[in-house]
Amino acid sequence: MKSIRSTSLALICFLVAACGGAGDSGPVASVLHRALSSDPESLDPQKIRSVQAGEILRDIGEGLVGYTATGELIPAAAESWTVSDDGLSYTFTIRSDARWSNGDTVTAEHFAFGLRRLVDPATAAFNAFLVADIVNAGAITSGEAGPEALGVEAVDDRTLIITLAQPTPYFLNLLTYPSTFPVHPDAVAEHGEAFARAGNLLSNGAYKLDGWEPGSVLDLSRNEQYWNNAATAIDEVRHHVLTQEMTQLNRYRAGELHITSSVPPDSFQQVREEMSDELHIAPQLGVYYYGFNLTKPPFKDNPALREALSMAIDRDVLVTRITGRGEEPAYSWVPPGVDNYEPRRFNYAEEDQGERNAHARRLLQEAGYGPDNPLQIELRYNTSDTEQRIALAVQSMWNEVLGVETTLINEEFQVLLANMRQQEVTQVFRSSWIGDYNDAHTFLSIMESDNASNMPGYSNEEFDSLMQSADEQTGAKPRRLYLEEAERILLADHPVIPLYFYVSKHLVSPDVVGWGDNVLDYHYSQHLSLAPNDATP
Amino acid sequence: MLRYALLRLLGAIPTLLLVIVLAFLMVHAAPGGPFDDERVLPPETRAALEAAYDLDEPLHQQLLGYLSRLVRGDMGPSYRYRDHTVSELIGNAFPVSLKLGAMAMLLAIVIGVAAGSLAALRRNTLVDRAVMVLAMTGISIPVFVIAPVLVLFLAVNLNWLPAGWSGNEGAARFVLPVVALALPQIAYIARLTRASMIDVLASDFVRTARAQGLGTSAIVRYHALKPAMLPVLSYMGPAIAAILTGSVVVEEIFGIPGLGQFFVRGALNRDYTLVLGIVIFYATLVVLLNLVVDLLYSAIDPRIRRR
Amino acid sequence: MRMLADTLRRMSKSRSLMFSAGILVSIVIVAIVGPMLSPHDYQQTDFDNLLHAPGRAHMQFFGTDDLGRDLFVRSMLGVQVTIVVAIVASIVSLVIGVAYGAIAGYVGGRVDAVMMRFVDTLYALPFIFFVILLMVAFERNFLLIFVAIGAINWLDMARIVRGQTLSLREREFVDAARLTGVSAARIIFRHIAPNLVGVVIVYVTLTIPQAILVESFLSFLGLGIQEPQTSLGALVDAGVNQMEGASWMLLIPAALLAVILLCFNFLGDAMRDVFDAKDAR
């Protein structure tokens, strides 16, 4: 027995010693612990596409313009700018004290370099479309012209002129996107494709990249060379890569995280009750929708049927009982809170659900379906608890109100995407759209006939021409009218069923000061500080 | 012995090749690709990306290209982590999984053998039944239930241990994942040991030893333990596979950047090179490990003669 | 026939065997009959009755889940699916494993060596990775789950069967059959196979728990049985998320799962005792 006893003793000692390791306190620097829902695919500004990559880059990089914590546009690396009367020429003056993390000055040429890289087909940038309005951007991306032909010019070290092919009122918003951030040409020359790795990466933002453990954590520390370094309160930021929402919640509750990127749906009730002052819910520029495949029966050329299905869904029940995270039910396509815009609504938006159900039944009959000819359709969605619950709820609603038999098909995300694009097998599919910038255009443009992200295959000449006209306007008012009219037509055609508008949900520790809710869900670490009595976790 | 080892290794190569081809075909068979997203790519961008990653070549050409690079030790860039190579990702993830797995295995053996021996010695008493019931619980409750329950009580509510992996230093962050991973194996090993120990204790030479007046602990230590461990040793192969499987769950739940996590995400992201790299790496590793286990087995029991 | 009666008698003498078998049979009966008696449907959602604790009226013994569906009926469906998947998957691995092992063991010599070398190397592979790849490549369908799980387990079966076949091959009655010119296939099927039954049954009862756990593991990854169908593994996985707010969603399916697994384990052990005792003649 002695051998067994001594082994057990050793084991217990090991466990105790291991427990003693927890709760190490580091140096006095303030450290912010944030959650990131997945690894960025890259930190090369022109190669990114994901929200997560954007989050990191907003901390380690800076564009010409930026946002405040509450979402107002402000100068960033550019201290001022002027716009020509025809809206086609933007002249930026770069700050004289803008620096890279190695001490070099940030010049206008660095911005131009970044933008040319963005449209250069050799970079194969996902977000090249953001700057499609710059002169020659399209020609360069399709290979007809070289990157030097791009309508950006660094007149001198501090002056950058960008020329557009058509007036784009939201152009400044586009320049907040990390894909337009500058790149130090020397870094690319020296390290080639590897210039974006920790150790090589030069940062012109508030923080620099110290290390990146894929699948685990990204470590950022203060960039002393940053022109506004004095205003940066937090010394180190650690972005923890945590794909499971439950794990984020657990770690937050255990005091290991200051900020989560989301809240698990199943725990939402509990979180709302127990941690209501730490829970931040804010409208976000995104719409969750079910799309119809308009290229094939039964939904091709059948607006009455589409409208019936759209009306029969009780969106209030969806957002209160099924998702229950403070989402806004959607009776329009463009979300509320978009700059300079008033979304149109479905004509049935004012009816109550009982009236809508009756109306829907009539429409269904008109479309030729009924108890002796029941409608049988397929609903595709991607694997996720939330998606599943919503699909089950909608299936049940369509069944009860309209007698429609819906087969649910749960597909892996990649598979669903492929199917949506091919438009062969889909009938009704789940999708969503997050706005790229704070303007109605980002939502309406994807419904243009030639837009690659037009999953339903919607094609309406009047809609297209209204969008075209809107693009040509220089004045904000007429442009807005065109866009609103376009949305009205879109809604009347029912190519999609918008279900709800996204909300961002974060748990933010009471120790964090300076958090601002905004519709883009951008939260720069440099705007935050940690309350003095708990600087170290 | 060396010849045997070498022959075994050589014999494994054709199978490894088969594994690579199979995995390659399967990943490419899955619909969707590494660059798909809701925001559909403009055709020029898609063309440029596919050219950069050789995805526009016919499949057999891609396979040959991959194999020729593999022979030179180059597993290629990751499609999803565009700033990292597959070798690098595996190089970072493997030590983590290794530590986790090794500690779980060690814990499982130590506690499993101890518990099983105890149960065998105190056969049919309360202790025996208690140990066996606990063992059975370990087998019948899936890891993805045990782990979150442990996290909830020990980390979140009582704050005794860290709830996650990243950003925590020290051995403390290993405790919960290792325990969760080890529990089912503790159960199996305890059962195996108990059964085998009972047999051994009833055998002639043990009875002789007892007749000669040797005490129980001496008998266990010097006579019974080694032969009783034989079935445990031959369980090592399946045990390693089981820990590998379990690690996928545990890594997911605790956010541990191990090979299991990277594999699942790689498969879902269609990160072809990463997936292939991990499959090959693991297959090679397991072949080597099994060889080691076999050699150990014959070292312990010299009665085994290889054909 | 006499062998069968004899075996049954031995089985009836084993307490743990009868007990486990009894529990399993009762669970299966309730799983089949229960939903028929309940007024609730397994996919009927009820948004006014979300997450109600067990003990409600209207035969909702186990309460409701987060979509208002009756947990009793869903748990019973889960039991049905879990057991069916496990049995079918085990049969798949049984068929492949027995055929493979019997052929290898009977033919012997070089063929056997090659076949077993193949098994040895396959044994070493990270099968779980291939299962994941399989499910990802060919989308989740019910049939594929059986195949995938069966593909993991057949190796053990093949090995055991081969060993048994090897020893059986040397027995006199096989020699006699060979001498009188009976074909190899006939020998395998008529003479060797019946003697394998014992070993095979034991192994099937022991691989069933494994199959159940693999299916629940796949459910955890989102690759298992798809909604609105469910299995115990899927229910348990959903229940974990509701652990704090609605613990019954976890406890009830987990308890059912544990009991079923335990019964199969005990059953397997008891079967092994029965058949071993028989062989030790």
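This is a predicted model: local features need pLDDT of at least 70, side-chain atom pairs count only at pLDDT 80 or more; totals for chains, interfaces and linings use all residues.

Student: Which side chain does A:Asp439 meet in a salt bridge?

Tutor: For a salt bridge, look at the distance from nitrogen to carboxyl oxygen, which has to be within 4 Å. Here the partner is A:Arg479, at 3.1 Å from N to O. A:Arg479 sits in helix 16 of chain A and A:Asp439 in the loop between strand 15 (428–434) and helix 14 (441–444), so the bridge ties together parts 40 residues apart in sequence. A:Arg479 is buried too, at 5% relative accessibility.

Student: What does A:Glu484 pair with?

Tutor: A:Glu484 forms a salt bridge with A:Arg344, at 3.5 Å from N to O. That pair links distant parts of the chain, 140 residues apart: A:Glu484 belongs to helix 16 (residues 476–493) of chain A, and A:Arg344 to the loop between strand 12 (328–329) and helix 11 (353–366).

Student: How many salt bridges does the structure hold over all chains?

Tutor: The total is 27. Some residues join into a network, as A:Asp44, A:Lys47, A:Arg117 and A:Glu193 do.

Student: Turning to chain C, how many helices and strands are there?

Tutor: Chain C has 10 helices and zero strands. Of its 281 residues, 54% are buried. Helix 9 (residues 232–241) is mostly covered, with nine of its 10 residues buried.

Student: Which residues is C:Asn265 in contact with, leaving aside its neighbours within four places in sequence?

Tutor: Contacts are read from distances between heavy atoms, and they can cross from one chain to another. C:Asn265 touches B:Met136, B:Ile139 and B:Arg191, together with C:Leu206 and C:Pro209. C:Asn265 lies in helix 10 (residues 248–279) of chain C and is buried, with a relative accessible area of 3%.

Student: And on the surface, which residues of chain C form a nonpolar patch?

Tutor: A patch is read as a group of residues, with their accessible areas taken together. This one consists of C:Val25, C:Val28, C:Ile29, C:Ile32, C:Val33, C:Met36 and C:Leu37, with about 630 Å² of accessible area together. One of them, C:Ile32, is in helix 2 (residues 15–37) and counts as partly exposed at 44% relative accessibility.

Conventions. Residues are numbered from 1 along each chain as its sequence is written. Chains are lettered from A and ligands numbered from 1 in the order in which they are written. Side-chain values use heavy atoms; hydrogens and water are left out. Helices (H or I, at least four residues) and strands (E, at least two) are DSSP runs, numbered from the N terminus. Buried means under 20% relative accessible area, exposed over 50%, partly exposed in between (1.4 Å probe, protein chains only). Patches are made of residues with over 30% relative accessible area and no salt bridge: like charges are joined within 9 Å, nonpolar side chains (Val, Leu, Ile, Met, Phe, Trp, Tyr) within 5 Å. Accessible areas come from the Shrake-Rupley method with a 1.4 Å probe; for residues, only the protein chains shown count as cover. Contact means heavy atoms within 4.5 Å.
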